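Dear colleague,

I am passing a structure on to you with this email, and I would ask you to look through it before reading the notes that follow it.

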Amino acid sequence: RELMASMFQPARTASPSTPPSPALAAAAVQPQHMVAAAAGARAARMKQSDWVDSGASVAQDYAHARERAVELGAARNKLYEEATRAFMSGQHHIARDLSRRGGARADGRGA
(Lines give C-alpha, C1' and ligand atoms only; values in the text may rest on other atoms or scores of the structure.)
Protein backbone atom coordinates (compact mmCIF):
# COMPACT_ATOMS: atom_id res chain seq x y z
CA ARG A 1 0.00 0.00 0.00
CA GLU A 2 2.82 2.39 0.78
CA LEU A 3 4.26 1.83 -2.69
CA MET A 4 0.94 2.61 -4.33
CA ALA A 5 0.50 5.71 -2.19
CA SER A 6 3.96 6.98 -3.10
CA MET A 7 3.21 6.59 -6.80
CA PHE A 8 0.42 9.12 -6.60
CA GLN A 9 2.24 11.75 -4.59
CA PRO A 10 3.43 14.83 -6.48
CA ALA A 11 7.07 14.85 -7.48
CA ARG A 12 9.41 16.71 -5.20
CA THR A 13 11.07 19.78 -6.61
CA ALA A 14 13.97 21.88 -5.48
CA SER A 15 13.32 23.87 -2.36
CA PRO A 16 12.12 27.44 -2.87
CA SER A 17 15.25 28.70 -1.14
CA THR A 18 17.42 27.37 -4.03
CA PRO A 19 17.23 29.88 -6.91
CA PRO A 20 17.49 28.52 -10.46
CA SER A 21 20.60 29.21 -12.49
CA PRO A 22 20.53 32.55 -14.37
CA ALA A 23 20.70 30.81 -17.75
CA LEU A 24 17.80 28.54 -16.88
CA ALA A 25 15.75 31.44 -15.57
CA ALA A 26 16.42 33.52 -18.70
CA ALA A 27 15.50 30.65 -21.00
CA ALA A 28 12.32 29.88 -19.10
CA VAL A 29 10.98 33.42 -19.14
CA GLN A 30 11.53 35.23 -22.40
CA PRO A 31 9.13 38.04 -23.25
CA GLN A 32 7.17 37.57 -26.44
CA HIS A 33 8.44 40.83 -27.95
CA MET A 34 12.02 39.51 -27.66
CA VAL A 35 11.07 36.31 -29.49
CA ALA A 36 9.41 38.33 -32.27
CA ALA A 37 12.42 40.65 -32.56
CA ALA A 38 14.79 37.69 -32.92
CA ALA A 39 12.60 36.18 -35.64
CA GLY A 40 12.51 39.51 -37.45
CA ALA A 41 16.31 39.78 -37.33
CA ARG A 42 16.64 36.29 -38.81
CA ALA A 43 14.24 37.19 -41.60
CA ALA A 44 16.20 40.38 -42.36
CA ARG A 45 19.47 38.43 -42.60
CA MET A 46 17.84 35.97 -44.98
CA LYS A 47 16.58 38.80 -47.22
CA GLN A 48 20.05 40.33 -47.38
CA SER A 49 21.62 37.21 -48.88
CA ASP A 50 21.97 37.20 -52.63
CA TRP A 51 19.55 34.94 -54.46
CA VAL A 52 20.45 33.74 -57.91
CA ASP A 53 17.60 32.75 -60.18
CA SER A 54 18.67 29.58 -61.95
CA GLY A 55 16.24 29.99 -64.81
CA ALA A 56 15.04 27.61 -67.47
CA SER A 57 18.49 26.54 -68.68
CA VAL A 58 19.45 25.06 -65.30
CA ALA A 59 16.06 23.35 -65.06
CA GLN A 60 16.63 21.83 -68.49
CA ASP A 61 20.15 20.69 -67.54
CA TYR A 62 18.74 19.11 -64.38
CA ALA A 63 16.02 17.31 -66.36
CA HIS A 64 18.62 15.90 -68.76
CA ALA A 65 20.90 14.79 -65.93
CA ARG A 66 17.96 13.20 -64.13
CA GLU A 67 16.91 11.36 -67.30
CA ARG A 68 20.46 10.09 -67.76
CA ALA A 69 20.55 8.90 -64.13
CA VAL A 70 17.32 6.96 -64.64
CA GLU A 71 18.73 5.34 -67.80
CA LEU A 72 21.97 4.38 -66.02
CA GLY A 73 20.00 2.98 -63.09
CA ALA A 74 17.87 0.83 -65.38
CA ALA A 75 20.97 -0.48 -67.19
CA ARG A 76 22.67 -1.19 -63.84
CA ASN A 77 19.65 -3.09 -62.57
CA LYS A 78 19.46 -5.18 -65.74
CA LEU A 79 23.14 -6.12 -65.42
CA TYR A 80 22.71 -7.01 -61.74
CA GLU A 81 19.71 -9.20 -62.58
CA GLU A 82 21.73 -10.98 -65.27
CA ALA A 83 24.60 -11.40 -62.81
CA THR A 84 22.24 -12.97 -60.28
CA ARG A 85 20.88 -15.43 -62.86
CA ALA A 86 24.43 -16.33 -63.96
CA PHE A 87 25.54 -16.87 -60.37
CA MET A 88 22.49 -19.01 -59.55
CA SER A 89 23.20 -21.17 -62.61
CA GLY A 90 26.79 -21.71 -61.50
CA GLN A 91 28.47 -19.39 -64.03
CA HIS A 92 30.39 -17.46 -61.40
CA HIS A 93 32.97 -15.92 -63.74
CA ILE A 94 30.22 -14.46 -65.93
CA ALA A 95 28.34 -13.26 -62.84
CA ARG A 96 31.45 -11.46 -61.59
CA ASP A 97 31.91 -9.71 -64.94
CA LEU A 98 28.26 -8.65 -65.11
CA SER A 99 28.35 -7.42 -61.53
CA ARG A 100 31.43 -5.31 -62.21
CA ARG A 101 29.80 -3.86 -65.31
CA GLY A 102 26.69 -3.07 -63.25
CA GLY A 103 28.84 -1.28 -60.67
CA ALA A 104 30.43 0.77 -63.42
CA ARG A 105 26.98 1.80 -64.62
CA ALA A 106 26.01 2.76 -61.10
CA ASP A 107 29.01 5.11 -60.96
CA GLY A 108 28.16 6.60 -64.37
CA ARG A 109 31.06 4.82 -66.02
CA GLY A 110 30.98 2.17 -68.66
CA ALA A 111 29.10 1.83 -71.88
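Predicted model: local features only at pLDDT ≥ 70, side-chain atom pairs only at ≥ 80, totals over all residues.

Residues are numbered from 1 along each chain as its sequence is written, and side-chain values use heavy atoms, with hydrogens and water left out.

The pLDDT, which is the predictor's confidence in each residue on a scale from 0 to 100, averages 74 over the protein chain, and 49% of the residues score at least 70. The chain has five helices and zero strands, where helices (H or I, at least four residues) and strands (E, at least two) are DSSP runs numbered from the N terminus.

How do H4 and helix H5 pack, and at what angle? H4 and H5 (residues 92–106) pack at an angle of about 165 degrees with their axes 8 Å apart, the axes being lines fitted to C-alpha atoms, for helices over the stretch in contact, and angles running from 0 to 180 degrees between N-to-C directions. That makes H4 roughly antiparallel to H5, because angles over 145 degrees count as roughly antiparallel, under 35 as roughly parallel, 65 to 115 as roughly perpendicular and the rest as oblique.

By class, the contact of H4 with H5 has 11 nonpolar, four polar and four charged residues; here Ala, Val, Leu, Ile, Met, Phe, Trp, Tyr, Cys and Pro count as nonpolar, Asp, Glu, Lys and Arg as charged, and the others, Gly among them, as polar.

Gly 102 lies in helix H5 and is buried, with a relative accessible area of 0%; leaving aside residues up to four places away in sequence, Gly 102 touches Arg 76, Leu 79 and Tyr 80, contact meaning heavy atoms within 4.5 Å. His 93, also found in helix H5, counts as exposed at 54% relative accessibility.

With kind regards

How values were computed
Buried < 20%, exposed > 50% of the residue type's maximum accessible area, 1.4 Å probe, protein only.
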